[in-house]
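Good morning, colleagues. Please have the sequence and the structure open before you as I speak.

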Amino acid sequence: MPVYENELNAIIVGAGPAGIAMAYRLKHDLGFEDFTIYDKLDGVGGTWRTNTYPGCGCDLKSVLYSFSFNLNPNWSKELCDQPVILQYMEDTVDKFDLRKHVHPLVECIGAVWDGTLEKWEVNLRDLKTGIQYTRVASVFVSAVGAISFPRDVKFPGMENFKGAMFHTARWDHSVPYKNKRVAVIGSGCSAAQVVPAVAKQAASVKQYARSGQWFHDRPNRNYNMVDKALFRYLPFYQRLLRLKIFLDADEETTTYFPTPRGLKERRAKEEESKQYVRSKVPEKYWDSIIPAFPLGCKRRIFDPGYLDSLNNKNVSLIPEGIKEITETGIISTSGKQDDFDIIVLATGFQVSQFLTPMHIVGATGKALHDQWAECRGAQAYLGTHVHNFPNLAILFGPNTFPANNSALFACETQVDYAIKSLFIPLLDKRAKVIEVRQSAEDRETNAIHTKLTNTVFAGDCSNWYIGDYGRNAASWPGLARSFWFRTYFPDWSAFNMSGGSRWWPIYAAKRVLVNHATPITVALLFSFIYLWRHNEITTVRASALLQTLKYYLGAT
Ligand SMILES: Cc1cc2nc3c(=O)[nH]c(=O)nc-3n(C[C@H](O)[C@H](O)[C@H](O)COP(=O)(O)OP(=O)(O)OC[C@H]3O[C@@H](n4cnc5c(N)ncnc54)[C@H](O)[C@@H]3O)c2cc1C
Ligand SMILES: NC(=O)c1ccc[n+]([C@@H]2O[C@H](COP(=O)([O-])OP(=O)(O)OC[C@H]3O[C@@H](n4cnc5c(N)ncnc54)[C@H](OP(=O)(O)O)[C@@H]3O)[C@@H](O)[C@H]2O)c1
């Protein structure tokens, strides 16, 4: 066997925020460089590269919707728009020298676990040449995102439409909308951003919204010189602000749970939202916009000027679905016919179909999607590990979406967990193959679904959390910080491990010394090794504690 077959390498699919965070941690926390990132897009940024529709932006303050390892002192305002966020992603990749690991315009078609080699054979397609090829990797990381694959909507007659028709996430910038008649189908966050932005130039915008939404005010203050100076010269200030925004967002999440306090606060928030809508739009729209389903059942919308735009003469809301699309326009479910130049599908994403459409075959020869079909939808141990699929980590995986908090926080938390539960033990030669036990995965999944019962996500509304099998495969059933607590220390009894070296503690100590050698960390390391020798603490816990201490002591 060639020597290099024992070497550790990793393939990451996806150069969105999750892939970038994984690359940073591997390279800068572990000193591990032997990884490659493939992305089907022509660059990095994921969501923020694909979604370029007019008005696209973040509904969470950028101070929080940013990487913990790269706070940005230059945010122009509280909630930044897509071009600014994309630039931040690009800058992060360059600042940490990650670009050389990224292979753009390469699509991953699937991967097969080779039990003899104990590695993944990853099947790729070069989108420039069409050439398909295979790469072998000890670890396969899926960072393909969940809100990235447009929902495959089919309307009768849609193929006959003679104008332009595209999804918000596939915006066709070659089609000018100035002075054009535009239809927007859908009433989610994307539609709420597109409608006011397009209305500024279009002749008319008609929105087909078959459901209402809970809207909230979205103040968005520009940062002044003082804010920027504080961000730049007092980074701790931005960390504190970030923590406050995080805790406030978590606090709001209590409204989603069926506790007496949750119900009371939800009613208060619903009342506040109703008042907000009534203060903004003509009465004829109130019943169509204010929903009957509980607040939080669909993702709430922080109003990006959408309600104000409904007062414009060129904007109208048709509270109906689509019966048919004709050569020239749309017939609504009640039979109203209108002609359009452009139809925008703001119809959402196939969120519950994780890792679509990659064909991933595990240790038993079964495909991941077949295994998931047998258990009523996607599931993974703490959103990350799947039984029969060794040395695989899924980022932003099943049941990791924080209800009301930053998806980037969830991605980074999962990255940290995958580093601790997979990369560190493999690098330390504690194991060559790591696979979660089915019992642990099932136990964890059942606990999550029990907690999700009676939450607002199970309310009477259509939302993208609930998959084809009626199970909510998206939501984490608690506060965002509880996901962090839950994943902070890996529970090794949940895993089967094989092929390790009995000398792994030496390798672990070497890794910690090489990556964290300062007088404080060396002293701490020896203390931890002493404790570990006396079975007080595991090496991985020691490493995690070291990193925490290093972070707070500012030892780097
Ligand atoms: C318009 C929009 C606005 C959003 N706003 C917010 C917000 O305000 N707050 C919030 O918390 N969340 C928001 N989200 C959710 C957002 O998806 C996440 O915050 C974040 O982008 C997830 O990062 P990711 O890296 O997991 O996935 P993505 O950003 O989706 O990146 C996945 C990457 O994987 C690549 N990929 C996928 N399949 C393959 C394949 N087979 N081969 C090669 N490459 C592949 C894709 O091209 C993409 O680059 C928003 C989502 C959208 C669509
Ligand atoms: N930061 C932000 O402000 C922001 C912006 C955009 C997106 N996002 C993220 O991306 C997620 C997805 O948002 P999204 O707006 O793209 O999608 P979405 O929330 O899933 O909304 C899709 C919309 O399309 C409608 N629809 C779907 N199929 C339809 C059909 N066959 N006929 C008529 N209408 C149909 C839905 O109607 P029903 O509700 O009746 O099913 C819904 O109104 C958000 O929840 C959020 O996490 C965030």
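Ligand 2 lies between domain 1 (3–149 + 351–497) and domain 2 (158–222 + 228–345), because both give residues to the shell around it; the domain bounds come from an automatic or database domain assignment. This is a predicted model, in which local features need pLDDT of at least 70, side-chain atom pairs count only at pLDDT 80 or more, and totals for chains, interfaces and linings use all residues. Residues are numbered from 1 along each chain as its sequence is written, while chains are lettered from A and ligands numbered from 1 in the order in which they are written.

The shell around ligand 2 holds 24 residues, the closest being G186, G188, C189, S190 and G348; a residue counts as near if its C-beta atom, placed from the backbone, lies within 6 Å of the molecule. Helix 4 (residues 189–199) contributes the most, with four residues. Helices (H or I, at least four residues) and strands (E, at least two) are DSSP runs, numbered from the N terminus.

I turn to strand 17 (residues 342–345). I342 and V344 point one way, I343 and L345 the other, and all are buried, that is, 20 or more other C-beta atoms, placed from the backbone, lie within 10 Å of their own. Strand 8 (residues 164–167) runs parallel to strand 17 and is joined to it by four bridges; strand 9 (residues 181–185) is likewise parallel to strand 17, with four bridges. V344 is the bridge partner of F166 and also of V184.

Technical notes
Buried ≥ 20, exposed ≤ 12 C-beta atoms within 10 Å, placed from the backbone. Pairing = 2+ DSSP bridges.
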